Amino acid sequence: MPQHIDIAVNLLSSRLAADINSVISNAVEHHVSPLIVIGSDIAESIESATLCQQYPQQLYSTAGIHPHHASSWNEDSPEQLTLLAANKHVVAIGECGLDYNRDFSPRDKQRQAFEAQLALAVELQMPVLMHCRDAHDDFIAILKQYRHKLPSAVLHCFTGTETELLACIDLDLYIGITGWVCDERRGAELASIVHHIPDNRIVVETDSPYLLPRSMRPKPKSSKNLPQYLPYIVDSIAKLRNQAYEELAAHCYANSISLFNLGDD
Ligand SMILES: [Zn+2]
């Protein structure tokens, strides 16, 4: 059975945190391991890094400030993230980026926090895990200044248009695809363009507990998305790309390893 790496799990979200052991063991049973645990602010990044120590080889984490929390970026943040990044389980700076869909933080603060985290990733020579919603032009303009100095970069949960996807591929980004692609309504455009992503740049993720794949049958009783559903997402993407499931899974696995330098510790 092909093995999968879930590159974005919000394991400390309240809907998963009570049940971490079984979330991980059910994922392993479905050949999904390791999981990348997302840090979306300083506190959660610390908690994620600590959690990884309890599950070596099964969990890795990111350290960063999500655009929703960009208002919390301050002069201490770079040092706090630098300390976190020294932890061997921390494999990327992020989740960072821009979200003009929700605008939970003012846009100027979002741009400032994003740019500062890119600069930090360059300084530390760490991969970055990025988020972008309804902010493509600013996202590309900022990222362009840093991209050539970054070792690797992934735009997780890609949900943009064909033009936006091609611009991201042009910047040699890894592209993270979630169960959004299984949503026959809002995921239709993504489903039609997912074939553009080169074999050596596609990675897969559940973004659980969000984004339960809508086309799953039988429909899970709970709307809570879980890492164990990742093989279903890979199978759906493989069909859209006209590619064998095993072949796509092997590409995504190898891409995740090289994106995050896994297995180097
Ligand atoms: Zn995100």
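## Basis

Because the model is predicted, local features need pLDDT of at least 70 and side-chain atom pairs count only at pLDDT 80 or more, while totals for chains, interfaces and linings use all residues. Residue numbers start from 1 along each chain as its sequence is written.

Helices (H or I, at least four residues) and strands (E, at least two) are DSSP runs, numbered from the N terminus. A residue is buried if 20 or more other C-beta atoms lie within 10 Å of its own, exposed if 12 or fewer, and partly exposed in between, with C-beta atoms placed from the backbone. Two residues are in contact if their C-beta atoms, placed in that way, lie within 7 Å.

## Nonpolar core

A nonpolar core is a set of buried Ala, Val, Leu, Ile, Met, Phe, Trp, Tyr and Cys residues joined through C-beta atoms within 7 Å. The largest one here has 75 residues, and those with the most contacts inside it are Ile 36, Ile 93, Val 128, Val 154 and Ile 175. Strand β4 (residues 90-99) supplies the largest share of this core, six residues.

Beyond its neighbours within four places in sequence, Val 128 is in contact with Ala 92, Ile 93, Gly 94, Cys 96, Gln 117, Leu 118, Ala 121, Leu 150 and Ala 153.

Helix α4 (residues 77-85) has Leu 81, Leu 84 and Ala 85 buried. These residues lie on the same side of α4, because they cover an arc of only 95° around the axis, where the arc is that of the directions from the helix axis to the C-beta atoms. An α-helix has 3.6 residues a turn, so residues three or four places apart point the same way. The cover over the buried residues of α4 includes α3 (42-54), β3 (59-63), β4 and α5 (107-124). Glu 79 is also in α4, but counts as exposed, with 10 C-beta neighbours inside 10 Å. Its C-alpha atom is separated by 9.5 Å from that of Leu 120, 41 residues apart along the chain.

Axes are lines fitted to C-alpha atoms, for helices over the stretch in contact, and angles run from 0 to 180 degrees between N-to-C directions. Angles under 35 degrees count as roughly parallel, over 145 as roughly antiparallel, 65 to 115 as roughly perpendicular and the rest as oblique. The α3 and α4 axes are 11 Å apart at an angle of about 10°, so these helices are roughly parallel to each other. Ile 42, Ser 45, Ile 46 and Ala 49 of α3 make this contact with Ser 77, Gln 80 and Leu 84 of α4. For α4 and α5 the angle is about 40°, with the axes 11 Å apart, and the pair is therefore oblique. On the α4 side this second contact is made by Pro 78, Leu 81, Thr 82 and Ala 85, and on the α5 side by Ala 116, Leu 120 and Leu 124.

## Backbone geometry

Most residues other than glycine have a negative phi, and most peptide bonds are trans. A cis peptide bond joins Ser 33 and Pro 34, with omega about 0°; Pro 34 is in strand β2 (residues 32-37). The bond from Gly 94 to Glu 95 is also cis, with omega near 10°, and Glu 95 is in strand β4.

Asp 207, not a glycine, has a positive phi of about 55°. Asp 207 is in the loop between β8 (202-204) and α9 (230-240), and counts as buried, with 22 C-beta neighbours inside 10 Å. Leu 211 has a positive phi near 60° and is in the loop between β8 and α9. Leu 211 is buried, with 23 other C-beta atoms within 10 Å.
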